[in-house]
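Student: I've got a model open and I'd like to learn how to read its domains and strands. Can you walk me through it?

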Amino acid sequence: MFNKIGAVVALSVLAPVLALGGCTQSAPAKTASSDAPAPGKGKGFNHDPFPSTYRAYPGVPTAIVHATIYDGEGGRIENGTVLLADGKVTAVGGADLAIPGGTAVIDGAGKWVTPGVIDVHSHLGDYPSPGVKALSDGNEATGPVTADVWAEHSVWPQDPGFSRALANGGITTLQILPGSANLFGGRSITLKNVYARTTQGMKFPGAPYGLKMACGENPKRVYGSKGREPSTRMGNIAVDRQTWMKAVEYKRKWDKYEEKGGEAPTRDVGMDTLMGVLNGEILVHNHCYRADEMANVIDMSKEFGYHVTAFHHAVEAYKIADLLKANGVCAAVWADWYGFKMESYDGIPENLAILANAGACAMIHSDDANGIQRLNQEVAKALAAGRRAGFNISDELAWTWLAINPAKALGIADKTGSLKPGKMADVVLWNGNPFSVYTRPERVWIDGALLYDANNPKLRPVSDFELGQPGEGDVK
Amino acid sequence: MKAALLIAALLSTSAFAETIAITGATVAIGDGSQPITNGIVIIRDGRIAAAGAGIAVPAGARTIDAQGKWVSPGIVAGVSTLGIVDGYGMGETNDASSDKSPFSAAIDVSPAINSEGQGIATERGRGVTRVFVIPAAGNTMFAGQGAVIDLGADLDPVTRPRAFQYVELGEDSADHAGGSRTAAHVLLHAALAAAANPALAGELSKDALITRQDALALGPVIRGTMPLLVHAERVADIKAVLALKAQYPKIKLVLVGATEGWRIAGQIAAANVPVIAASITDLPEKFELLSATQSNVGRLTKAGIVTAMSNIDMSEGPYESHLTQYAGNLVALTRIPGATGLDWGAALATITSKPAAAIGMDGEIGSLRAGRRADVVIWDGDPLELASNPVAVFIDGVAQPMISRQTRLRDRYLDPREKALPKAYER
C-alpha cells in the first residue's frame with residue numbers, strides 16, 4: 001500500500017490483557033475447594049476473550065504546515081504546524097515550530113487540520129450495506145434483556161460503509177452499538193476505521209467496552225406488540241430495575257469469590273457485562289430521547305450504583321441541560337432531526353448549543369450510514385443555530401463535539417480525540433474550512449498511516465463486497 | 001402573544017395588488033445561472049415581475065433592503081410526505097400508506113393535505129416553499145396521484161391536485177405486486193391496458209388488483225396529460241422504464257431515484273426523460289444500488305438530462321430543507337478528483353427549477369424568472385451553506401411567519417432552568 005520508505009515504525013499497540021489470573025472460565029467449579037486461593041479483584045475470569053489484533057500501518061514522519069488547526073480540545077492555531085511520527089502526534093505549534101530532518105512536508109495553506117472525527121453512535125458492520133435480512137445483525141430482538149450479546153460478534157468488517165465514513169467523513173474511530181429494540185441491547189465495540197479481515201483486527205486497542213441500553217418507544221413497542229413486558233414506559237423501568245437487582249447480586253458473589261476464594265460462582269454472559277458496568281469497567285450508552293425519561297434513568301443509576309456515560313439520541317437533552325451537567329452525563333445528539341416519531345417531536349437544532357452553553361458534555365453522533373459521512377457538516381448546522389439563538393460559540397469549541405467529547409464518552413480521551421503530543425496520529429487534512437459545505441477531507445491518517453488521499457485512487461479502500469461489482473473503485 | 005400578533009400583521013399584508021422590491025441582495029434566479037450581485041427582485045400581485053441586475057424599482061413599490069443578503073426562489077422538494085404524515089413513527093397520523101385499501105392508482109392525496117402540521121411550518125422557515133406530496137405504494141405498486149402543494153401559513157395548500165401518478169418499479173415494487181419485479185411488470189402492463197380500456201379492469205373485489213377506479217385514474221397517464229413518476233434505481237429497471245415509451249408513445253415519464261442512472265445517462269438523455277434523482281447516496285444499501293455514487297446527479301446533468309435532486313434516499317423525516325445541504329455537497333464534488341459535481345448555479349437549480357421542470361411546472365414555480373409565482377426566500381448568506389438561514393420567506397408573494405413549534409421551544413428553553421413559575425407558563 002505504501003511506496004515511500006521512511007522511518008517506518010509500527011505501533012506496538014498490543015491489546016492489554018485486562019485479567020488473566022490463574023482462574024479462567026474453564027475453572028472447574030466442582031473441584032474448587034473452599035480454600036482455593038482468591039484470584040483477586042477483577043481476576044476471576046478473562047475479561048478480554050476476543051482481544052484486539054489491530055496493528056497500525058506504517059507511516060512516514062510528516063509535517064503539515066501553514067494550516068488552520070482545531071486541536072479538538074477547543075484550541076485553534078492559525079498558520080499552524082502539526083508533526084506526526086511513529087504513529088503519534090509529536091508536536092503542534094505555529095509557523096515557527098522546528099521540523100526535524102527527513103520529514104515529509106505538506107503545505108496546508110488554505111486548509112484545515114483537525115483530529116480524526118469520532119462517531120460515538122454507529123451501526124456500520126452490524127447493520128451493513130447491503131441491508132438484506134441476511135446481514136441484519138444489529139438487534140437481538142428476542143427478549144428485552146440481551147445484555148449477553150456483543151456487537152463485535154455481529155460486525156461484518158466488509159461493510160462498504162466504513163470506506164465512505166473515512167473518505168467523506170474523516171472518521172477515524174467509531175463505536176458500533178447494538179440496536180435499540182431492547183432495554184439492555186448488549187455490548188458495544190469501539191473500532192479503528194481501518195479495514196481488516198476480522199473484527200478483532202479493527203478493535204481499538206485498550207478501549208473499554210460499552211453497554212447499550214434503551215428507553216422509550218422502541219422497547220415497549222417491540223415487546224408490547226408481542227404481548228409481553230415491557231409494553232409501557234413503566235414496564236421499561238420495571239424490567240430495568242429487576243435486571244439491575246440481579247446484577248448487584250451477581251457482583252456481590254463474584255466480589256466475594258475474587259476477594260476470599262472458595263467456589264467460583266456460575267458464570268452468566270449477560271451478568272458479566274452488567275457487573276462490568278457496576279465495576280466501572282464498561283460504559284453505559286443509553287438511547288433516550290425524552291427529558292423526563294433521562295431523569296428517571298439517572299435516578300435508577302444512582303439506585304444501583306452505576307454511572308450513565310452518555311444519553312444517545314438525546315433529542316430533549318436541552319430541556320435538562322443543567323441536570324445532565326450536575327450529574328456528569330454526556331448527551332450525544334443529531335444536529336436537527338425532529339418530528340419523525342413521537343419522542344422526537346420536540347427536537348430543535350439549538351440542542352447542542354444549549355447543552356454547551358450550560359456547560360454539559362455534548363457531542364454529535366450519526367446513527368446513520370449516510371450521516372456519518374458528514375458529521376462536520378452536522379456540527380456546522382448546530383453551531384449556526386446556536387449562534388442565531390445568541391450563544392457565543394467558537395468554531396474550535398464546536399470541534400470538541402466531534403473530537404475530545406466523544407473520545408471521553410468512549411473512555412479513550414487519553415489516546416485519541418485531540419492533536420496533543422503523544423496521542424495517536426489520527427488526523428484529517430481538509431481541503432478548506434470543515435464547517436463549509438464545500439469542504440471535504442483531502443487526506444486522512446490513522447495512527448500516522450495515510451489511509452485516504454483524495455488525489456490518489458490507490459488510497460481509496462474497496463471492501464470485498466464491492467470488488468468486481470459495478471462501481472468498484474469509483475469516487476463515492 | 002407577540003408571535004400571534006406578528007402572524008396577524010404578516011397575514012394582513014396580502015401581496016395581491018402590492019408591489020414589493022427586494023434590493024441590494026445577491027440574487028440567484030434558480031434557472032441554473034450564476035448568482036447576480038447587487039440584484040433586484042420585483043414581486044407584483046403574487047408573481048415575479050422581474051429579477052436581475054439593473055432593474056428599476058417601480059414607483060410606489062414597498063422596498064425591502066436586502067444588502068448583504070441572498071435571494072433565491074423557494075426550495076422545491078420533489079419527494080415529500082409533508083401534509084400527509086406528522087411523523088412516520090406515529091402511524092395514527094400517517095395518510096401516506098394505504099396498505100389495506102383495494103385502491104391504488106386511484107388514490108388522490110389532495111383532499112387529505114393538512115397544512116398545519118409542525119413539519120410544514122418548520123421546513124417553510126428553512127426555505128422550502130413547494131413540495132410534491134407522494135403517497136406510498138400499498139395494494140399495488142401504483143402509489144396513487146400526488147399533489148404539488150405550497151407550505152404557506154394558510155388553509156389552502158394545494159397548488160395542483162393529481163399532478164402526477166407515482167409507481168414503484170424496482171425492489172420496492174415487489175412487495176406490492178406479488179413478490180417480484182416480474183410480477184410488477186405484468187401488473188404494470190395490465191394496468192396500462194386497462195387504462196386504455198377501463199372495461200378490462202376488474203370489478204371491485206379482493207381478486208381485482210386494478211379496479212375500475214384505478215384504471216380511470218391511469219387514463220391521463222397513457223394520454224400523456226399526467227406525468228408518470230417511476231421510482232427505479234438499477235440499470236435494468238431504468239431500461240425497462242424507458243422501454244414503456246415504445247408501447248405508450250404519449251406517456252410522460254419521469255424517473256425518480258435513478259441511482260444507477262449515470263451508467264446509462266446517454267439512453268436516458270436520448271429518451272428525453274427527466275430525473276428526480278436521489279441526492280447524494282453513495283452506499284450499496286440495496287442490491288439495486290451497487291454503483292451508487294454522489295456523482296450521479298452531476299453525471300446525469302452533464303449528459304443533458306433535466307435532473308432534479310430529492311431526498312428520497314435519505315433518512316425518513318420531514319427534512320426537505322436538507323436539500324440545500326445536499327446541493328452544496330454537489331458543489332463540493334467539483335473539487336474531488338474523479339468526481340462529477342455541479343457549479344453553484346446548476347446545483348441550486350436541482351432543488352428549484354429542475355424539479356418543477358421535471359413535471360412541466362417550471363413556468364409556474366421554481367425560479368425567479370418573470371411570471372412565476374413569487375416564492376422567494378431572503379437568506380442571511382449563501383443559501384447552500386450550512387450556516388445560512390432564511391430571514392424572510394414569501395409564498396405567492398405573501399410574507400410568511402418565521403415561527404414554528406421549534407422556535408417556540410427554543411425560546412422557552414434557551415435557559416432550561418425553571419424560574420418563578422413552571423416552564424408551562426413561559427411563552
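**Domains and strands in chain B**

Tutor: Start with the spacing: the C-alpha centres of domain 1 and domain 2 of chain B lie 29 Å apart. This is a predicted model, where local features need pLDDT of at least 70, side-chain atom pairs count only at pLDDT 80 or more, and totals for chains, interfaces and linings use all residues. Residues are numbered from 1 along each chain as its sequence is written, while chains are lettered from A and ligands numbered from 1 in the order in which they are written.

Student: Where are the bounds of domain 1 and domain 2 of chain B?

Tutor: Domain bounds come from an automatic or database domain assignment. Here, domain 1 of chain B takes 2–73 + 380–410, and domain 2 takes 75–365.

Student: How many residues of the two domains of chain B are in contact?

Tutor: Contact means C-beta atoms, placed from the backbone, within 7 Å. By that rule, 27 residues of domain 1 of chain B touch 25 residues of domain 2 of chain B.

Student: And which strands does β1(B) pair with in the antiparallel or parallel sense?

Tutor: Strands are DSSP runs (E, at least two residues), numbered from the N terminus, and two of them pair if DSSP finds at least two bridges between them. β1 (residues 19–27) of chain B runs antiparallel to β2 (residues 36–44) of chain B over 7 bridges, with Thr23(B) opposite Ile40(B). With β4 (residues 62–65) of chain B, β1(B) pairs in the parallel sense over 4 bridges; there, Ile22(B) stands opposite Ile64(B).
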